[in-house]
Amino acid sequence: TSLPPPPHTRSRYWLYLVKELGAVLDNLPLDYQEHIIWAVSVRAKEQDTVLARLALFLDPRFRQAASSSNISSSSMRDFITRLSEYAASQGWDQGRISGVLGQLSQYGLGQPPFDLPYASGTTSSGFSARMWWQTLRTDAAAADLAELALVLLEVVPHAATPERVFSTMGWYESGKAARLSVGTNAQKTAIKMHYDSYKPQAPSR
């Protein structure tokens, strides 16, 4: 069974994946169902980072979840810390950082100008969080947070796996194994990635 193309923002990727897999799971063999549940759980834990949760929070459709009891106040402190670190890494001065943190608080509460209706981010293919933030970018009271939100929402949700593959291939192509052919390197990498993602348990006696 093939799945439709995934969304291109990290904030929606796992919600999409769980929904689509849930729709086809009952039609799959039991052992494959168990493997999918295990694999999704492992990957979901890998993605449960402050940066990933902040990206989810910055999608206006899901910000209420981030301000509810489902996400603790410590997560909001993590958001503030992470956003401050990133802004500082971009050379922002303390005054500008303080300003964007104030915007983050206003956004979380849905206060103006962050009470913009979802229709402002609607495109021919549906709602776009990026389009919503692009609209706010022209408002001086929201411009700094909009700039950071657009950077986070551009993160490709499935980039980690290809990077892991290239890292593995680079490890094999070390000084001691520089004579490996491209085909051999690819085969060794494929085997390693398979066993990294699926470690079957030894059969019980």
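Residues are numbered from 1 along each chain as its sequence is written. In this predicted model, local features need pLDDT of at least 70, side-chain atom pairs count only at pLDDT 80 or more, totals for chains, interfaces and linings use all residues, and side-chain values use heavy atoms, leaving out hydrogens and water.

**Exercise 1. State how many helices and strands the chain has, and give their order.**

Step 1. Take the terms: helices (H or I, at least four residues) and strands (E, at least two) are DSSP runs, numbered from the N terminus.
Step 2. The count gives 10 helices and two strands.
Step 3. Reading along the sequence gives α-α-α-α-α-α-β-β-α-α-α-α.

**Exercise 2. Examine the salt bridge between Arg-61 and Asp-59.**

Step 1. A salt bridge is a side-chain nitrogen of Lys or Arg within 4 Å of a carboxyl oxygen of Asp or Glu. The whole structure holds four of them.
Step 2. In the pair Arg-61 and Asp-59, the closest N and O atoms are 2.6 Å apart.
Step 3. Arg-61 has a relative accessible area of 26%, so this residue is partly exposed. Asp-59 is buried because its relative accessibility is 0%.

**Exercise 3. Find which residues are joined with Arg-96 into one network, and say where they lie.**

Step 1. Arg-96 forms a salt bridge with Asp-144, at 3.0 Å from N to O. This pair links distant parts of the chain: Arg-96 is in helix 6 (residues 94–109) and Asp-144 in helix 8 (residues 143–153), 48 residues apart.
Step 2. Arg-96 also forms a salt bridge with Glu-147, at 3.3 Å from N to O. Glu-147 is in helix 8 as well, 51 residues from Arg-96.
Step 3. Through shared partners, salt bridges join Arg-96, Asp-144 and Glu-147 into one network.
Step 4. Arg-96 is partly exposed because its relative accessibility is 32%. Asp-144, at 18%, is buried, and Glu-147, at 29%, is partly exposed.

Technical notes:
Buried < 20%, exposed > 50% of the residue type's maximum accessible area, 1.4 Å probe, protein only.
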